[in-house]
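Please keep the sequence and the structure in view while reading the answers.

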Amino acid sequence: MAESSYLLEVLIVLVAAVLSVSLFRRLRLDPVLGYLCAGAVIGPYSLGLVQGLATIHALAELGVVFLLFTVGLELPIARIRVMPFRVFLLGIAQVFITGTLISAAVAAMGVTPEAAGIIGFGVALSSTAIVLRLLSDRGGLTSQTGRAAFAILIVQDLMVGPLLVGVFALGDQSNELLPLLGEAALKMLVTVVLILGIGRILLRHLFTQVAATREPAIFAAMTLFVVLGTGVATEHVGLSLAFGAFLAGMLMAETQFRHQVAAEIQPFRGLLLGLFFMTVGMEIHPLFIFDNGATIAFLVIALLGGKALILILLAKAARMSTADAVHLGVLLAQGGEFAFVLVGAAMSQGVVDPDLGQMVIVVVALTMLATPFLAGLGQRASNRIERNEVPSIEELADSDSKLEDHVIIAGFGRVGAIVARQMMEAKVPFLAVDMDPHTILQAQKRGLPVYYGDVTRADILEAVNVQAARAVVVALDDKHVSLQIVAILRYIFPDLKIHARARDLAHAQELESIGASTVVTELVPTGLQLAQVVLDPQGE
């Protein structure tokens, strides 16, 4: 009967996952929200359809393990080495400053210093699973914000071991806290060095032998063994299973088997990670929230706002742009899954009062529930700030310097950048105009004359002094806009040389028919040919 009941609960979890994610997909909402809401509905504090959480929690933890392994596959050691050290310092500063301030605030409410410290540093950690899932799904892992978030999350994961040691030492009323922490840190360092050192020697050889058998089942089994075996090794010394899996992924990323390995674990990762998000939703206690609604709302807002503000200030101190700092702060403002582990352990050791622990768990779960919404808001706020930060073409118009015999590049994407590089090599003055704030900021950091503006507007054309230009290169990817720009330029400036990029032959014919001097299709190296026709003494 017990086995039948367990299987029924597993079926309920699977059905809830399928229905909720399908519904949220139709509503064009993040699937993570679907998993969280499904868990809240079927969990022990709502409908009570699922009560035996121990096994589901164990499976859910494996979801985070496989997520970190796939992240490691995308970040080989060579890429980690080139990450600025100040980004890792940012992670260390975030944990200690946020943890200290939150601990002080909790202690001021009458909580014991020990409990306040555990709560403060527990909620200072962000959700590795949710943030990396959002960044991975939206292709943001390689962006500046994504790299900074990743470094901070890795630092936070490294903190879990010492924090757990501290919790159990406090529970035992031990006076040997500092020696224990030192021993834990040394064990973790030795383990990481051994895994990275031995793994680089053995892993490629082992997978070569396994691949030679041409048995897909054995290859899959070997992959699971590496992921879970490395995780168990790191967990044994006080780190998390997930961190060990991340190290294994980094090692696999340097082998020729990385793509096959990624394909083998993809089905496991998706399903088990969904279970993890559902277990987070199951921690939400609706009646507890109803009874303490005002307090919980205040704490949720305070936690999100306080962590975001600290991260923004630290990111600015680390010389990140305002736009990236805001995006990073909002993205990592939530509490994380390790808060459940730390607070749960503290409750079992009698260090944290059960009612207080339940309050922390609910607050952290709600901040995690809000993260997909906040990530979207943070991205939009970042984009708006970037638009305000980028140099506008009006600034050029207001300056005393007026370019003459210069080249104007409309669009600074892949093709426009090639044209600009050729102009610099030929020492021909140029400026580029684009509508993507991020592209403009990156170009400005390299000292390139790229400005924000819409070249279909007459005032923008006047600002770039198009009447005195040697030529205009239309390097835009959008067919409709490129046709519009060529038509406007030819109408206002009949004698202007206009060299345009075409996506295909039909597009090329349209551009020629409305007055483009030269058209280069993408069937040839577009940027180089556009540069050549500009530099040609005959202008053709």
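**Terms set against values**

Q: How do you know that E4 and strand E5 (residues 498–502) pair, and in which sense?
A: E4 and E5 run in the parallel sense and share three bridges. Two strands count as paired if DSSP finds at least two bridges between them, so the three bridges of E4 and E5 meet the criterion. Within this pair, Val474 stands opposite Ala500 in E5. Strands (E, at least two residues) and helices (H or I, at least four) are DSSP runs, numbered from the N terminus.

Q: What kind of model is this, and which pLDDT limits apply?
A: This is a predicted model, in which local features need pLDDT of at least 70 and side-chain atom pairs pLDDT 80 or more, whereas totals for chains, interfaces and linings use all residues. Residues are numbered from 1 along each chain as its sequence is written, and side-chain values use heavy atoms, with hydrogens and water left out.

Q: What makes E1 a partner of E4 and of strand E2 (residues 430–434)?
A: Strand E1 (residues 407–410) is linked to E4 by four bridges in the parallel sense, and four bridges also join E1 to E2, again running parallel. Ala410 takes part in both pairings: its bridge partner is Val474 in E4 and Val433 in E2.

Q: Why is the unit of E4, helix H22 (residues 479–492) and E5 given a hand, and which hand is it?
A: E4, H22 and E5 make a β-α-β unit that is right-handed. The term applies when, with the strands pointing away from the viewer, the path from the first strand over the helix to the second runs clockwise.

Q: Are the residues of strand E4 (residues 471–474) buried or exposed, and which way do they point?
A: Ala471 and Val473 point one way, Val472 and Val474 the other, and all are buried. Buried means under 20% relative accessible area, exposed over 50%, and partly exposed in between (1.4 Å probe, protein chains only).

Q: What makes Lys427 and Asn465 stand out in their phi values?
A: Phi is near 60 degrees for Lys427, a positive value in a residue other than glycine; for Asn465 it is near 55 degrees, likewise positive. Most residues other than glycine have a negative phi. Lys427 lies in the loop between H19 and E2, and Asn465 in the loop between helix H21 (458–463) and E4.

Q: How do you know whether Lys427 and Asn465 are buried or exposed?
A: Lys427 has a relative accessible area of 73%, so it is exposed. Asn465 stands at 10% relative accessibility and therefore counts as buried.

Q: How enclosed is helix H2 (residues 31–42), and how does its span compare with the expected value?
A: In H2, 10 of the 12 residues are buried, so the helix is largely enclosed by the rest of the structure. Among the buried residues are Val32, Leu33, Tyr35, Leu36 and Ile42. H2 reaches 17 Å from its first C-alpha to its last, close to the 16 Å expected; the expected span is 1.5 Å times one less than the number of residues.

Q: Why is Thr230 called buried, and what does it touch?
A: Thr230 has a relative accessible area of 14%, so it is buried. Thr230 belongs to helix H10 (residues 216–236) and touches Ile195, Phe225, Gly244 and Ala248, not counting residues up to four places away in sequence.

How values were computed:
Contact means heavy atoms within 4.5 Å.
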